[in-house]
Amino acid sequence: MSLLEIRDLRKHFPVGEGLFSRNKGAVKAVDGVNLTVEEGETLGLVGESGCGKSTLGRTILRLIEPTGGEVIFQGKNLLAMPQRELRDMRRQMQIIFQDPYASLNPRMRVGDIVGEGLEIHKLAKGKAKRERVIELLHQVGLREEHYDRYPHEFSGGQRQRIGIARALAVNPKFIVCDEPVSSLDVSIQAQIINLLQELQEKMHLTYLFISHDLRVVEHISHRVAIMYLGKIVEIAKSDTIYQEAKHPYTRALLSAVPIPDMSKKKERVVLEGDVPSPVNPPSGCTFHPRCSYREAICDKIEPPLEFYAGGHGVSCHVFGPNKRA
């Protein structure tokens, strides 16, 4: 059984207009997502800015309340849980935020930031709390002397290590990594990615790794899901995505990834137009206005996410396993 199963998850933000904020429509940030995350794996989630990646991650944890759907974690529907039961379940599900500057309280010492979860869940206090926090700091590459310092005394990479220690404090099984290295220098990115992999192996963690950087996702992920305008358009094992991508959007993303060998050239796929508005998405396949392979059926019927052998899922009339056009 999967550790996490997401069924038809939706999050629509209402859009108001006028003095009395009459409902004009809704931003469909997450629009019918179905995913599974297996225990011990890293599922990479990739897409352009604004496609709904971070909203999906936060909706899974109920940091943002969903509009509809189900989130099944260890066989229990998180969206049907009362707050008291959900609070206990939060020990198993944590998040590492994108911005290591904004995600730490500047008025709290590191020991209190990392140890706050221990006190909230009544896991440790006093001397036991201090010993546990120091142990966590060592695990993420920091030192005991950092316990009494404030966030402004650290570099960006060190602050992200503090954020990782905070997420690990309550011994979670599942962590949403919401673009945890996007604001860091390249050399520091590699250190943080290696740290996450070491912790995953040591502590048997499961990650949902959100990023717009396909190079980083390739390095850390077992499987990769491609998101476009609130929907999953392709999902497969990491090697399959990078070598045998099917969806035109995935191919366009991969063609934009720089390659270190300047003697090798690859054809760049340039998409037509701009990303449509999530308030009024196109009919049928939401990608069809930008797709050079579109056919008559594409603007009329939304393609379901269908699977090839080996678990390679594609939402496309033209390149899907059950071609209709």
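Which residues point one way from S9, and which the other way? Arg 223, Ala 225 and Met 227 face one way, while Val 224, Ile 226 and Tyr 228 face the other, and all are buried (buried means under 20% relative accessible area, exposed over 50%, and partly exposed in between, with a 1.4 Å probe and protein chains only). In a regular strand, side chains alternate between the two faces of the sheet.

This is a predicted model, in which local features need pLDDT of at least 70 and side-chain atom pairs count only at pLDDT 80 or more, whereas totals for chains, interfaces and linings use all residues. Residues are numbered from 1 along each chain as its sequence is written, and side-chain values use heavy atoms, leaving out hydrogens and water. Helices (H or I, at least four residues) and strands (E, at least two) are DSSP runs, numbered from the N terminus.

**The sheet**

- Eight strands make an open sheet with mixed pairing, in the order S6-S7-S8-S3-S9-S10-S12-S11; two strands pair if DSSP finds at least two bridges between them.
- Strand S6 (93-96) and strand S11 (306-307) are the edge strands, each pairing on one side only.
- S6 runs parallel to strand S7 (residues 174-178), joined by four bridges, and Met 93 stands opposite Phe 174 in S7.
- Helix H6 (residues 186-203) packs on the sheet, where H6 touches strand S3 (42-46), S6 and strand S8 (206-211); contact means heavy atoms within 4.5 Å.
- The direction of H6 makes about 160° with that of S8; axes are lines fitted to C-alpha atoms, for helices over the stretch in contact, and angles run from 0 to 180 degrees between N-to-C directions.

**Around strand S9**

- Now back to S9 (223-228), a mostly covered strand with six of its six residues buried.
- S3 pairs with S9 in the parallel sense over four bridges, and Leu 45 has Ala 225 in S9 as its bridge partner.

**Pro 278**

- Pro 278 sits in the loop between H9 and S11 and is partly exposed, with a relative accessible area of 26%.
- Its C-alpha atom is separated by 5.3 Å from that of Lys 28, although the two residues are 250 apart along the chain.
- Leaving aside residues up to four places away in sequence, Pro 278 touches Ala 26, Val 27, Lys 28 and Leu 229.

**Helices H3 and H5**

- The axes of helix H3 (residues 110-120) and helix H5 (residues 156-168) come within 7 Å and cross at roughly 30°.
- H3 and H5 are therefore roughly parallel to each other (angles under 35 degrees count as roughly parallel, over 145 as roughly antiparallel, 65 to 115 as roughly perpendicular and the rest as oblique).
- Val 110, Ile 113 and Val 114 in H3 meet Ile 162, Ala 165 and Arg 166 in H5.
- Buried residues in H3 include Val 110, Ile 113, Val 114 and Leu 118, and helix H4 (126-139) and H5 are among what covers the buried residues of H3.
- Just after H3, Lys 122 takes a positive phi of about 55°.
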